[in-house]
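Thanks, everyone. I have one chain to show today, and I will keep it short. Let me put it on the screen.

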Amino acid sequence: MLVEMIESRAVAPGRTLEIGCGTGTNALYLAQHGFEVVGVDISPLAVEKARSKANGRCRFETLDFLTETAPGGPFQFVFDRGVLHVFDEDGERATFAENVAGALVGGGVWPSVFGGAGGPPREQGPP
């Protein structure tokens, strides 16, 4: 879905936030396509690995998106792959959605991928 959105130019490059960036695979893909990306994750180890792969092409920060504000906003594009659906409580999901809305500029885009994705592992780009 992300590849199709980017390659079809459905979303123009701009300031971007990836929530739950993990080791930076999607953020690096976006950066290769002209996006200015800030990736955030709650895992310090994941962020450390993302930073080592990025060579300065993206900014990565460790933070809890439910309780902290991502740096570098507001954003034209916010992406999360498998973050929103991990929250069991309606209040947590509402807080997450409110935080995304607060991070977006008016008319910004937030695709959220739910569930698992198939395909082999890749070093860059989503499966």
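Contact here means heavy atoms within 4.5 Å. Buried means under 20% relative accessible area, exposed over 50%, partly exposed in between, with a 1.4 Å probe and protein chains only. Helices (H or I, at least four residues) and strands (E, at least two) are DSSP runs, numbered from the N terminus.

Now the ground rules. This is a predicted model, where local features need pLDDT of at least 70, side-chain atom pairs count only at pLDDT 80 or more, and totals for chains, interfaces and linings use all residues. Residues are numbered from 1 along each chain as its sequence is written, and side-chain values use heavy atoms, with hydrogens and water left out.

Zoom out. The chain has 4 helices and 6 strands. From the N terminus, the order is α-β-α-β-α-β-β-α-β-β. Of the 127 residues, 40% are buried. Take contacts between residues at least 6 apart in sequence: 61% of them join residues at least 24 apart.

Next, the cores. A nonpolar core is a set of buried Ala, Val, Leu, Ile, Met, Phe, Trp, Tyr and Cys residues joined through side-chain atoms within 4.5 Å. The largest has 19 residues, and Leu30, Phe60 and Phe77 touch the most other members. Helix 1, helix 2, helix 3 and strand 4 each supply at least two residues of this core. Helix 2 gives the largest share, 5 residues. Apart from this core lies another, of 16 residues, including Val38, Val40, Phe75 and Leu104.

Last stop: Asp80, in strand 4 (residues 75-81). Asp80 is buried, yet has no salt bridge. That term means a side-chain nitrogen of Lys or Arg within 4 Å of a carboxyl oxygen of Asp or Glu. The nearest side chain of opposite charge, Arg81, is 9.2 Å away. What does the Asp80 side chain reach? The backbone nitrogen of Val83, at 3.1 Å. Leaving aside neighbours within four places in sequence, Asp80 is in contact with Ile19, Phe96, Trp110, Pro111, Ser112 and Val113.

Notes. Lys, Arg positive; Asp, Glu negative; His and termini not counted. Polar contact = N/O pair within 3.5 Å; in protein donor to acceptor, adjacent residues only side chain to side chain.
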